Amino acid sequence: TSGVGAFPLGELGGLPPLEINGDNSYGYAPLKQAIAQRYGVDADCVVTAAGTSGANHLAFATLLEAGDEVLIEHPTYALLVDALEYVGAVVKRFARTPEGGNAGGYAVDPEAVRRAVTPGTKLIVLTNLHNPSSVLTGESVLREVGEIARSVGARVLVDEVYLDAVYENTPRTSFHLGEEFVVTSSLTKVYGVSGLRCGWI
């Protein structure tokens, strides 16, 4: 972290009871614990950020070096591509077409991912629900994309900001599908509280 570690002022003696320092382990602890409980993960797996776009940027800046190859769906949310280019990634695309493979329009076709991935691919980026079509990518397809990523030593980042818009039988987060998965989300879209700027990885 940056800055001096938390030190209880009460230990200095002679001061009125006042605490201006506290634990700030990359996010407000009660919030991190609530997010962790929601996803069924350890709180140490959670990093908070300013909305999903902030979370995506932070994840990209952490996972990538300038010149790293990233494979991302097309069409996609434009700010994902902008953030990747900002951190210096080499952006390659695979198509999610209106005809969309075996599962219907705009579905992720794992074969399209397999054809586009290279030994230099460091990250595969998906949105689930897909932004802009709102198509749900099922767990079996996500697992297959995870296997493709694992075969070249890449990770898969899934922006799940719209996933909770599946109101009945909401799928679980793809974070549980393997160590190569990184997930981002926020309270901005489905929950409509964008003023909090509450996002997470």
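Strand S4, spanning residues 121-127, is mostly covered in this predicted model, with 6 of its 7 residues buried. On one side, S4 pairs with strand S2 (residues 69-74) in the parallel sense over 4 bridges. Within this pairing, Leu71 has Ile124 of S4 as its bridge partner. S4 also pairs with S5, again in the parallel sense, over 5 bridges, and here the bridge partner of Val125 is Leu157 in S5.

Strand S5 (residues 155-159) in turn pairs with strand S6 (residues 181-186), in the parallel sense and over 4 bridges. Leu157, the bridge partner of Val125, stands opposite Val182 in S6. These pairings belong to an open sheet of 7 strands with mixed pairing, in which the strand order is S1-S7-S6-S5-S4-S2-S3. The edges are formed by strand S1 (48-50) and strand S3 (90-95); each has a single partner strand, so one side of each is left without a neighbour in the sheet. On average, and with direction ignored, neighbouring strands of this sheet are turned by 25 degrees against each other.

The protein as a whole has 5 helices and 7 strands. Read from the N terminus, its elements follow the pattern α-β-α-β-α-β-α-β-α-β-β-β. Of the 201 residues, 40% count as buried. Among contacts in the protein with a separation of 6 or more, 58% are accounted for by residues 24 or more positions apart.

The loop between S5 and S6 contains Ser174. The relative accessibility of Ser174 is 2%, under the 20% limit, so this residue counts as buried. When residues up to four places away in sequence are not counted, Ser174 touches Leu142, Val158, Glu160, Phe181 and Val183.

A search of the whole structure finds 1 aromatic pair. The rings involved are those of Tyr39 and Trp200, whose centres are 6.3 Å apart; their planes stand at 70 degrees, so the pair is edge-to-face. Tyr39 is part of helix H1 (residues 29-39) and Trp200 is part of strand S7 (residues 198-200), so the pair ties together parts that are 161 residues apart in sequence. Both Tyr39 and Trp200 are buried. The ring of Tyr39 has a further neighbour in Arg38, which lies over its face at 5.4 Å from the ring centre.

Cys198 falls within the residue range of S7. With a relative accessible area of 10%, under the 20% limit, Cys198 is buried. Cys45, by contrast, has a relative accessibility of 38% and therefore counts as partly exposed, a class that lies between 20% and 50%. The structure holds 0 disulfides.

Tyr86 is found in helix H3, which covers residues 78-86. Its relative accessible area is 67%, over the 50% limit, so Tyr86 is exposed. In sequence, Tyr86 and Ala66 are 20 residues apart, while their C-alpha to C-alpha separation in space is 9.1 Å.

Methods
Residues numbered from 1 in each chain as written. Predicted model: local features only at pLDDT ≥ 70, side-chain atom pairs only at ≥ 80, totals over all residues. Heavy atoms only, no water. Pairing = 2+ DSSP bridges. Helix = DSSP H or I, 4+ residues; strand = E, 2+ residues; numbered from the N terminus. Axes fitted to C-alpha atoms, helices over the stretch in contact; angles between N-to-C directions. Buried < 20%, exposed > 50% of the residue type's maximum accessible area, 1.4 Å probe, protein only. Phe/Tyr/Trp six-rings, centres within 6.5 Å; stacked < 30°, edge-to-face > 60°. Lys NZ or Arg CZ within 6 Å of the ring centre and 35° of its normal. Disulfide = S-S within 2.5 Å. Contact = heavy atoms within 4.5 Å.
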